[in-house]
Amino acid sequence: MTDPVLSIRDLCVEIPTRTGVVKPVDGVSYDIAKGEILGVVGESGAGKSMAGNAIIGLLNRPAHISGGEIWLNGHRIDTLKGDRVRRLRGKEIGMVFQDPLTSLNPLLSIGDQLAETMMTHLPISRAEAHNRAIAALKEVGIPGAAERIGSYPHEFSGGMRQRVVIALALCAEPSLVIADEPTTALDVSVQAQIISLLKQLCRERGTAIMLITHDMGVIAEAADRVAVMYAGRLAELGPVRDVLTQPQHPYTHGLMASTPLAAQKQRRLHQIPGAMPRLDQMPEGCAFHPRCPHAQEKCRHAPLPATATAGGRAACWFPLLAEAAQ
Amino acid sequence: MSAFVTVKGLTCVFDVSKPWLNRVLERRGKAFLTAVSDVDFQVEERTTYALVGESGSGKSTIGRMLVGLLRPSDGDVEIEGINLAREEDPAKVASVRAKIQMIFQDPYASLNPRWRVRDIITEPVLTQGGDLEGLAEKLLQQVGLHPSDAGKFPHEFSGGQRQRICIARALASQPRLIVCDEPTSALDVSVQAQVLNLMSDLKDELGLTYLLITHDLTVVRHMADRIGVLYLGRLVEEADPHSLFETPKHPYTQMLLDAAPRVDGFGREVPPPQGEIPDPINPPSGCTFHPRCPIATDICRRERPATRKVGNALVACHLAE
Ligand SMILES: Nc1ncnc2c1ncn2[C@@H]1O[C@H](COP(=O)(O)OP(=O)(O)OP(=O)(O)O)[C@@H](O)[C@H]1O
Ligand SMILES: Nc1ncnc2c1ncn2[C@@H]1O[C@H](COP(=O)(O)OP(=O)(O)OP(=O)(O)O)[C@@H](O)[C@H]1O
Ligand SMILES: [Mg+2]
Ligand SMILES: [Mg+2]
């Protein structure tokens with residue numbers, strides 16, 4: 001097996017607050033291989049974006065990486081400083097956020113933005129960059145790319161803008177793309193177009209993609225593997241079909257059961273009791289135990305097993321068996 | 001069963017012209033946006049009618065006309081036999097209005113942060129001069145919160161709890177119809193489950209009727225008794241959930257259902273829909289879906305299709321069968 005594009009080990013992010021230090025990301029480890037889409041799911045506040053931002057080096061102070069390692073193509077990147085982080089970010093890691101306007105400069109035509117980015121990271125001339133910008137827009141499915149190259153972001157619809165952002169994220173030919181809720185603000189039909197575009201890029205260019213979303217349907221259709229986060233920790237990690245249809249972590253099971261299924265008309269939806277704990281009120285032991293129907297004494301005190309060492313997918317002392325999850 | 005709400009020929013046109021001086025200088029005429037165009041539907045008592053459609057299809061505009069936040073440009077809204085636009089007796093109109101409430105998508109923006117929960121919940125009753133004693137506490141309990149929460153402020157609650165407070169406020173004036181505009185779109189699946197279950201329970205207990213506005217097809221399928229699909233302000237298909245999901249008749253409905261991601265759609269590869277929603281100020285001629293429609297013919301470009309019955313559905317398409 002070849003080395004993964006991205007590899008994070010025991011990643012921790014800390015934020016000092018008035019009431020003490022909180023850990024929005026606490027000991028998270030996963031890999032993403034070339035041409036693989038890793039889905040990241042979990043309730044709001046689970047730390048999905050925080051982990052993504054830590055990888056890109058985009059944490060807002062006072063949040064900072066407080067432990068663990070981040071490796072990109074065999075190089076350790078969490079220790080890089082200042083300018084080198086910025087270069088790496090543009091060249092090796094592309095980003096797509098929920099709101100396309102945060103990634104676009106309203107004052108520059110999209111052609112200029114694409115060309116600038118390419119010239120910063122690739123040894124090419126302006127004329128070459130211009131041609132490649134048109135090709136990049138074509139690739140993401142903007143009709144009439146050559147004519148629209150001089151247009152400004154506000155002249156595009158939301159879905160078109162997100163395509164431009166994807167073109168921008170890809171134009172320096174990064175090996176990793178981090179897409180944080182890229183379709184949450186878009187309509188179903190546009191969402192389908194964007195997801196299909198991401199899958200195609202992943203397949204054709206071998207780009208590794210980290211796809212953060214709430215939408216289990218998007219995960220099922222797009223991801224190869226899925227990481228389920230809960231209260232800053234990894235609850236479960238595994239092949240998407242296994243995790244979604246035979247969850248081993250009671251939290252994953254709860255999430256799936258509360259999703260209305262198109263195929264069957266359940267009378268009531270399953271409810272996970274309670275809410276995710278606040279970061280400054282994290283329970284001892286397994287963070288999920290106060291809401292877990294299967295919690296036992298051990299769950300309340302013993303620190304959690306790491307996913308890898310537990311020999312299974314779930315960071316749980318008593319993972320659900322295939323039959324029990326049905 | 002009787003129709004609780006009857007909507008006929010409902011139309012809403014917005015004047016989106018630039019200011020007079022700009023129009024003169026730029027030699028442009030007035031511009032109009034037809035947000036809702038000739039929409040008919042009925043909501044039976046104690047049922048949930050869902051309106052689905054993509055952004056800009058006119059869902060919220062219909063909801064706002066129903067609760068009286070917006071005046072229709074044309075057409076009628078009849079609730080319990082009273083035509084809200086034409087009824088002359090203001091007392092009758094007021095009594096109907098009091099039976100309709102609305103809840104919105106964003107539980108953060110729709111609660112005044114400086115008011116205590118008690119005051120937020122009882123505000124609709126205050127203006128009607130009802131009895132307030134213990135009302136907030138009772139309603140909080142009804143939506144699954146604690147009576148003591150009445151003294152707290154909105155920021156002390158999570159998103160799902162805030163949406164419960166919004167529901168409690170909507171219930172305060174004992175409405176019969178609640179227009180729910182994307183009630184769970186800002187919430188996680190786990191919290192969404194709580195809110196949807198609560199809505200179902202309240203419907204059974206209090207005999208409520210819902211107009212549910214959402215773009216989430218899984219929520220619609222779970223909740224609705226009848227579904228209307230909107231495209232560019234027009235109702236293109238209406239059917240019961242089973243017929244709509246199993247045998248969609250309108251090509252737009254088929255496109256929407258194909259495009260929606262499925263939790264069991266592992267590795268599903270479908271060619272994504274083509275094109276985008278057109279500019280509503282200059283909508284396409286004839287059937288407004290024709291530029292994106294895989295089966296469109298000449299007549300679709302020329303004539304707006306009338307609504308007709310096809311199988312169990314009402315469909316506005318020349319070619320559906
Ligand atoms: N400056 C801060 N001080 C304290 N806590 C913070 C700060 N910024 C973020 N957090 C907390 O960090 C946690 C992780 O947030 P993050 O944005 O990563 O969640 P997420 O999983 O991306 O959620 P969503 O689905 O809502 O985007 C949250 O509980 C959040 O409240
Ligand atoms: N006050 C207004 N002035 C001008 N145009 C408006 C106004 N309100 C709505 N519109 C337009 O009317 C159309 C329908 O809007 P509406 O908000 O009803 O859509 P929607 O189906 O609720 O969409 P969404 O899913 O985005 O909420 C849109 O094109 C919108 O831009
Ligand atoms: Mg986030
Ligand atoms: Mg709306």
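Biologist: Which polar side-chain atom lies 2.5 Å from an oxygen atom of ligand 2?
Modeller: One from Thr61(B). That is a polar contact, meaning a pair of N or O atoms within 3.5 Å; within protein, one must be able to donate a hydrogen and the other to accept it, and residues adjacent in sequence count only if both atoms are side-chain atoms. Taken alone, ligand 2 exposes 640 Å², and the protein buries 65% of that. Accessible areas come from the Shrake-Rupley method with a 1.4 Å probe; for residues, only the protein chains shown count as cover.

Biologist: What am I looking at, and how is it numbered?
Modeller: This is a predicted model: local features need pLDDT of at least 70, side-chain atom pairs count only at pLDDT 80 or more, and totals for chains, interfaces and linings use all residues. Residues are numbered from 1 along each chain as its sequence is written, chains are lettered from A and ligands numbered from 1 in the order in which they are written, and side-chain values use heavy atoms, with hydrogens and water left out.

Biologist: Back to ligand 2. How many residues surround it, and which are the closest?
Modeller: There are 14 around ligand 2. The closest are Ser55(B), Gly56(B), Lys59(B), Ser60(B) and Thr61(B). A residue is near a molecule or strand if one of its heavy atoms lies within 4 Å of it.

Biologist: Now ligand 1. Which residues come nearest?
Modeller: Ser44(A), Gly45(A), Lys48(A), Ser49(A) and Met50(A), out of 13 around ligand 1. The shell divides into five nonpolar, five polar and three charged. Helix H1 (residues 48–56) of chain A gives the largest share, three residues.

Biologist: Where are the polar contacts of ligand 1?
Modeller: An N or O atom in the side chain of Ser44(A) is 2.4 Å from an oxygen atom of ligand 1. For a polar backbone atom of Gly47(A), the distance to a ligand 1 oxygen atom is 3.0 Å. For the side chain of His214(A), an N or O atom sits 3.1 Å from an oxygen atom of ligand 1. Alone, ligand 1 exposes 650 Å², and the protein buries 62% of that.

Biologist: What about phi at Asp10(A) and Asp38(B)?
Modeller: Asp10(A) is not a glycine, yet its phi is positive, about 55 degrees. Asp10(A) is in strand E1 (residues 6–17) of chain A. Asp38(B) has a positive phi near 50 degrees, and Asp38(B) is found in strand E2 of chain B.

Technical notes. Helices (H or I, at least four residues) and strands (E, at least two) are DSSP runs, numbered from the N terminus. Ala, Val, Leu, Ile, Met, Phe, Trp, Tyr, Cys and Pro count as nonpolar, Asp, Glu, Lys and Arg as charged, and the others, Gly among them, as polar.
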